[in-house]
Amino acid sequence: MVKMLSSCQNVHTQKQVSILFYDGTCGLCTRSIRFLIKVDRRNRIKYAPLNGSTSDKKLPKELRDPSNLSTVVYLKEDSGKTSLHTRSDAVCAILKEVGGIWLIVGKLLRIIPLFLREGAYRLIAKYRYLLFPVGACQLLKQEEKELFLD
């Protein structure tokens with residue numbers, strides 16, 4: 001799902017913002033973010049939990065429902081336009097954003113029909129706590145801490 005929103009801000013003062021919203025208690029999400037921090041060498045993506053203050057300010061209420069935090073959300077603000085990607089579309093957009101070989105992987109994933117991508121996403125989301133239990137968190141380096149908004 002992609003939503004396009006526009007604003008009337010000056011293009012010259014608009015800074016590109018990329019935020020990945022995730023379930024802060026999910027082991028799969030934690031591991032995925034560790035992976036993204038490693039491969040996003042230009043630190044383009046910031047991270048915030050779905051139940052945090054940044055999501056309260058940036059996301060519609062239906063995407064912050066505390067009873068269902070299984071939907072990863074990728075927000076990108078650029079040149080006064082905001083796009084929201086959810087679930088498998090978010091995964092594809094994030095991979096394309098980090099670039100390198102992951103750009104190609106993201107594009108290849110988009111070729112897979114949406115119903116198959118979404119089915120796989122929902123299946124993994126359903127069993128993520130079983131497959132990826134939350135363990136002891138690794139300590140973040142100072143430069144990594146700056147990538148987290150909440």
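1. Let's start with the β4/β5 pair: β4 and strand β5 (residues 81-86) run antiparallel to each other, joined by six bridges. Strands here are DSSP runs of E with at least two residues, helices are runs of H or I with at least four, and both are numbered from the N terminus. Two strands count as paired if DSSP finds at least two bridges between them. A word on the source: this is a predicted model, where local features need pLDDT of at least 70, side-chain atom pairs count only at pLDDT 80 or more, and totals for chains, interfaces and linings use all residues. Residues are numbered from 1 along each chain as its sequence is written, and side-chain values use heavy atoms, with hydrogens and water left out.

2. Tyr 74 has His 85 in β5 as its bridge partner.

3. β4 (residues 73-78) also pairs with strand β2 (residues 17-22), again in the antiparallel sense, over five bridges. Here Ile 19 is opposite Leu 75 of β4.

4. Now to helix α5 (residues 114-131), which holds Glu 118. Is Glu 118 buried or exposed? Glu 118 counts as buried because its relative accessibility is 11%, the cut-offs being under 20% for buried, over 50% for exposed and partly exposed in between (1.4 Å probe, protein chains only).

5. Which residues does Glu 118 touch, leaving aside its neighbours within four places in sequence? They are Arg 87, Ser 88 and Asp 89, where contact means heavy atoms within 4.5 Å.
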